[in-house]
Amino acid sequence: MDSDEALYARVKRGDMLAFDDLYARYAPRLFGFLRPQLPTRADAEDVFHESLLATLENDEVAFDRGSFRTWLYRIARNLVLNRARSQGRGENAMARLAPLVDDPPPAADERAAQGQMLRALDGAVARLPSPLSEIYHLRSSGLSYEEMALVLGIPLGTLKSRMNQMVNVLREELKPWTAR
Amino acid sequence: MDCTLIQGHLIGYHFATVSDDERAEVEGHLVACTACLRTYLALKAHVDRGTTDDDVPSEAARLRLRAAVQTRFRPTPARRVGRWFTRPIPLYQGLAVAAAVVLAASLGPTLAHAIHLGPAAHAAERVDSARPSAESLTIY
């Protein structure tokens with residue numbers, strides 16, 4: 001199986017089979033990272049499109065300064081931030097999940113309780129402030145701590161500190177569903 | 001740790017922010033408690049789910065992107081020529097070229113001189129200059 005970097009080089013030579021492989025590799029995770037941070041599905045598709053194309057076209061991409069994955073997520077993140085500045089963010093994501101916040105108290109059935117906990121988790125994540133929300137979604141996309149630090153442009157120590165903050169916020173939010 | 005405390009640590013355990021002692025306690029509990037294990041696995045699957053079918057770009061979006069990439073990176077004659085000049089050269093080819101250059105550099109002046117002067121000049125040069133020429137003989 002070719003590495004991301006090898007597929008990247010083949011795509012730049014016009015090899016569309018390599019593009020299909022790269023797309024299959026990153027479409028679910030990258031779109032999963034983008035979708036919660038953007039108001040509509042169409043916005044997420046646009047940013048996904050721009051991210052992949054910009055990464056392929058960017059002459060500054062050099063794999064001695066980060067893997068293909070870190071470059072892709074870094075560019076995607078910057079595009080999300082640009083959209084957020086121009087459109088305003090947060091409200092639509094919260095509105096999408098707001099009805100779930102007022103769910104009834106947990107039921108006795110384990111599966112129902114798990115479902116309610118997970119919905120509470122989604123609500124808590126939607127309410128996270130932007131720096132912590134980014135970290136949650138990057139980690140959920142499978143990036144390592146080192147890759148996340150590269151994407152966000154922050155030291156590893158700062159990243160770990162924010163990760164701790166994020167977990168503490170989520171733990172507090174999930175207390176009603178875990179402290180039974 | 002009882003289940004209540006364990007479940008409070010599951011999110012931190014998943015994101016690897018718990019201490020070594022806490023991790024050991026969580027793991028020890030998960031091995032023994034199937035309810036908490038199921039809860040953890042559900043949490044892990046939910047956080048790491050990446051995407052559901054709803055969370056992938058549409059087929060139309062995929063085709064649009066594919067077409068854009070194909071147009072942008074379609075091989076053209078100019079790109080093919082450029083790639084030929086910038087292609088990586090295998091080591092053995094590079095060494096062969098380097099050896100040829102060195103050989104040409106060392107033999108070049110000799111060959112060039114021979115070509116310039118021609119065969120007659122070579123013959124003249126073979127004359128023993130120590131022998132006196134006719135002009136140098138003086139007959140007294």
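## Extent of the interface

Buried area is the accessible area, taken with a 1.4 Å probe, that two parts lose on being put together, summed over both. For chain B and chain A of this predicted model, the buried area is about 3700 Å², with carbon and sulfur atoms giving 61%. On the chain B side, Phe15(B), Leu65(B) and Phe73(B) lose the most area to chain A, together 19% of what that side buries.

Local features need pLDDT of at least 70 and side-chain atom pairs count only at pLDDT 80 or more, whereas totals for chains, interfaces and linings use all residues. Residues are numbered from 1 along each chain as its sequence is written, chains are lettered from A in the order in which they are written, and side-chain values use heavy atoms, without hydrogens and water.

## Contacts and salt bridges

Contact (heavy atoms within 4.5 Å) links 36 residues of chain B with 43 residues of chain A. The interface has two salt bridges, defined as a side-chain nitrogen of Lys or Arg within 4 Å of a carboxyl oxygen of Asp or Glu. Arg66(B) forms a salt bridge with Asp20(A), their closest N and O atoms lying 2.7 Å apart.

## Helix packing in chain A

Within chain A, helix 7 (residues 130–140) packs against helix 9 (residues 156–178) at an angle of about 95°, the axes being 9 Å apart; helices are DSSP runs of H or I with at least four residues, numbered from the N terminus. Axes are lines fitted to C-alpha atoms over the stretch in contact, and angles run from 0 to 180 degrees between N-to-C directions. Helix 7 of chain A is therefore roughly perpendicular to helix 9 of chain A, a term covering 65 to 115 degrees.

How values were computed
Helix = DSSP H or I, 4+ residues; strand = E, 2+ residues; numbered from the N terminus. Parallel < 35°, antiparallel > 145°, perpendicular 65-115°, else oblique.
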